[in-house]
Amino acid sequence: EGMIGACFLIEAIEFADPKIEHDTYGPFSGQIMSTIRELCRRSFMGADPRLVEGLYLCTMQISSLTLGNIYTVIHKRRGSMVSEELLPETDVFIIRVYIPVVESFGFTEEIRNTGEGITDPQLTFSHWEIIQVDPFFIPKTAAQKEEFGAQA
């Protein structure tokens with residue numbers, strides 16, 4: 001699994017057996033790399049890691065007649081509003097929202113159906129955002145188990 005924003009600083013490498021350091025045939029580079037990889041993975045997991053998700057910037061022109069219905073679709077898909085502009089002397093709004101990439105499947109069709117076929121969203125990748133939920137959370141109290149479920 002790829003890691004974003006992680007840096008590992010290796011200050012020293014010490015061999016448990018001093019003979020290994022001067023041995024012509026060992027340790028092999030594959031042995032060192034697999035050991036270092038496992039060391040980095042364990043130190044990363046001990047540092048309270050978080051998951052990230054990709055976000056699309058969605059730009060679309062919407063008639064004021066369908067604005068409320070479009071907002072319903074956006075909020076259903078965990079979208080967050082960036083901006084909303086009314087074009088002068090018209091009833092057309094230009095809105096920009098962030099939509100999680102995972103929620104974008106079928107989004108365009110749903111917007112077109114809700115917007116009476118005249119709304120055409122344009123999705124472009126914007127950025128990565130940290131998911132605030134702890135992926136390793138295990139409910140312990142009765143209240144937590146009731147709220148999040150026993151297998152949260």
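## A pocket, then a helix pair

Start by selecting Gly-2, Met-3, Phe-44, Arg-50 and Leu-51: of the 15 residues lining the largest pocket, these lie nearest its centre. (A pocket is an open set of points on a 1 Å grid over the protein atoms alone, where a 1.4 Å probe fits, with protein on both sides within 12 Å along at least five of seven lines; lining residues have an atom within 4 Å of a point.) This is a predicted model, so local features need pLDDT of at least 70 and side-chain atom pairs pLDDT 80 or more, while totals for chains, interfaces and linings use all residues. Numbering runs from 1 along each chain as its sequence is written, and side-chain values use heavy atoms, without hydrogens or water.

Now colour helix H2 (29–45) and strand E4 (122–130), which each supply at least two lining residues. H2 gives the most, with three.

Next, show H3 (residues 67–76) and H4 (residues 107–114), whose axes (lines fitted to C-alpha atoms over the stretch in contact) come within 9 Å and cross at roughly 160°. H3 and H4 are therefore roughly antiparallel (angles over 145 degrees count as such). For the contact (heavy atoms within 4.5 Å), pick Asn-69, Ile-70, Val-73 and Lys-76 on H3, then Phe-107, Glu-110, Ile-111 and Thr-114 on H4.

Definitions and conventions
Axes fitted to C-alpha atoms, helices over the stretch in contact; angles between N-to-C directions. Helix = DSSP H or I, 4+ residues; strand = E, 2+ residues; numbered from the N terminus. Parallel < 35°, antiparallel > 145°, perpendicular 65-115°, else oblique.
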